[in-house]
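Subject: Structure for your review

Dear colleague,

Please find below the structure that I am handing over to you.

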Amino acid sequence: MTIKGKAYIGGIFEHPARKLGNDISQAELHAQCSKGALEDAGLSFKDVDGYFGAGDIPGGLLSMVDYLNLTVRHLDQTYTGGSSYLYLVAHAAEAIAAGKCSVALISLADFGRRGTAVRDRGEGIAEQPFEYPFGPVTVNLYAMAAQRHMYQYGTTSEQLAQVKVAASHHAQWNPNAVIRKVLTTEDVLNSPMVADPLHRMDCCVVTDGGGAVVVVSPEIARQLKKPKVKLIGVGESSKDQMGGKIDLTYTGAVRSGPIAFAEAGVTPADIKYASIYDSFTITVVETIEDLGFCKKGEGGKFVCDGNLVSGVGKLPFNTDGGGMCNNHPGNKGGITKVIEAVRQLRGESHPKVQVKNCDIALAHGTGGSLGTRHGSATLIMERE
Amino acid sequence: MATAYQDRKIPVAPLNAGDAPFFEGAAAGKLMVKYCNDCKQYHHYPRPMCPFCYSTHTEWRQARGTGVVYSFSISRATGPIPYAIAYVTLDEGPTIMTNIVETDLDTIQCGQKVTVVFKPTEDPKLAVPMFKPA
Ligand SMILES: [Zn+2]
């Protein structure tokens, strides 16, 4: 069975807020994001027959279905960190292709948390006793991937900085973005060193927020007014410590990418726009190598010369400003990766960053940590 | 630039069944690693069942305590003091998460040879292996 052509992205919504404080409950934020995506599609809560969520649902899936007063025939909760929402789009497409639902709602709503404290993740986690004493936090784990990539391939801090710089060129046109100043290489390199070799500006922003995506069957898609965005390939995998045979220089995209490209029947050269999960600059460099946009080890060179900038380079990426500059709702950037790819395919991105003739786009999520365990999911979409 | 090493308070997470020999071994000055008697490979983190061949014929063995730095990062913002998290590849094969200690943290390099030292944790019965330049 394939999902190719059997599911469409019918609706999208990105919450405009970046800081919410105690103004709204998490459940209500899910509800407002869901409503936004359904209205974008021209559908209502009564049309939803499948609900898909991740780890940010207070009380779990059943609590949210209750809160939204949905009547569903398909439920899926998958939690792989910030990449969850790309897995959920894939799972929704699979459920729709199998006839298990026809209007699938996926929502994200959460509050940001600074990742500097070493957290005890609770009892019963097999690896935790062997990691916690050594002070692992999100940034120093990604930093170890960056350090090794530099050692093995000669990648430099200047090269990594180009990811932030490119994102800032896009974010200047996004009124909701946290960082709207166009940044220079020096801005990144002069920002404080958080965990060598990653500077403050090698990191994504920390924000509150949310978003939602509605995936629909071809029959429903035909009745909707927005330009049609068809899912043509999905791939998922994970990557970990492999029993101690650790290799931090590649990501799970080496598996999820080829699965998605094969199903879609396209190659990296066909991709006009890519949303690449950008928790840290190194995440983007390793991912574009692993997806085949350049050779292994050459990601540092590839991101130079404005290659990620829309209208300038070979691979326009994260034209909303991405996690680097726009937002990272509740430390999870997966849903916004899908949303900006859909905007590009519809021709709804800001005119200054809209890719011309954008007919095929890719969205990739990396959730968890490059330094220990992470989820990888790749979606390929086509404008019909 | 120099970033002097300082001892920090080492926390421990609740141990799961089977974990204790690693930490009690460290408290006795021994680096203990899991070895599989069927596929003849070491693995880490330790499990009762080998993650390579899924045999349950695994045993704890004392490693030599020497290896090379696979990668590292100096946490400067986590506080209260800078520390160097690292992966060290043991001469026996597996790469383990640890800290690099007792050296100027700014001189640590990938590929550097290191040797084990044992650091006490907040639990007086348990210690952890860390590494310093060989
Ligand atoms: Zn074995």
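By class, how many residues in the lining of the second largest pocket are nonpolar, polar or charged? The model is a predicted one, and in it that lining has six charged, six polar and four nonpolar residues. There are 16 lining residues in total, and A:N174, A:P175, A:D320, A:E340 and A:R343 are those nearest the centre of the pocket. The space in this second largest pocket comes to about 230 Å³.

The assignment gives domain 1 as 8-118 + 208-229 and domain 2 as 138-205 + 231-383. Both domains of chain A contribute residues to the lining of the second largest pocket, and the pocket therefore lies between them.

Taken over C-alpha atoms, the centres of domain 1 and domain 2 of chain A are 23 Å apart. Their contact involves 43 residues from domain 1 and 38 residues from domain 2. Between them, the domains bury about 3,100 Å², and carbon and sulfur atoms account for 64% of that area. On the side of domain 1, A:R18, A:L86 and A:V229 supply 22% of the area buried against domain 2, more than any other three residues.

Polar interactions are also found between these domains. The count is 14 residue pairs in polar contact, with both residues at pLDDT 80 or more. Four salt bridges cross the interface of domain 1 and domain 2 of chain A. A salt bridge is also formed by A:K226 with A:E348, where the closest N and O atoms are 3.1 Å apart.

Over the whole structure, the search finds two cavities of 30 Å³ or more.

I turn now to the interface of chain A and chain B. Here 41 residues of chain A are in contact with 43 residues of chain B. The buried area between the chains is about 3,400 Å², with 62% of it from carbon and sulfur atoms. Within chain A, the residues that lose the most area to chain B are A:F130, A:F134 and A:M144, which together make up 24% of what that side buries.

How many salt bridges does the rule find across the interface of chain A and chain B? The rule finds one. A salt bridge is formed by A:D196 with B:R76, and their closest N and O atoms are 2.7 Å apart.

Yours sincerely

How values were computed
Residues are numbered from 1 along each chain as its sequence is written. Chains are lettered from A and ligands numbered from 1 in the order in which they are written. This is a predicted model: local features need pLDDT of at least 70, side-chain atom pairs count only at pLDDT 80 or more; totals for chains, interfaces and linings use all residues. Side-chain values use heavy atoms; hydrogens and water are left out. On a 1 Å grid over the protein atoms alone, a cavity is a set of points where a 1.4 Å probe fits but cannot get out, and a pocket is an open set with protein on both sides within 12 Å along at least five of seven lines; lining residues have an atom within 4 Å of a point. Grid points are joined across faces, edges and corners, and a volume is the space filled by probe spheres set on the points. Ala, Val, Leu, Ile, Met, Phe, Trp, Tyr, Cys and Pro count as nonpolar, Asp, Glu, Lys and Arg as charged, and the others, Gly among them, as polar. Domain bounds come from an automatic or database domain assignment. Contact means heavy atoms within 4.5 Å. Buried area is the accessible area (1.4 Å probe) that two parts lose on being put together, summed over both. A salt bridge is a side-chain nitrogen of Lys or Arg within 4 Å of a carboxyl oxygen of Asp or Glu. A polar contact is a pair of N or O atoms within 3.5 Å; within protein, one must be able to donate a hydrogen and the other to accept it, and residues adjacent in sequence count only if both atoms are side-chain atoms.
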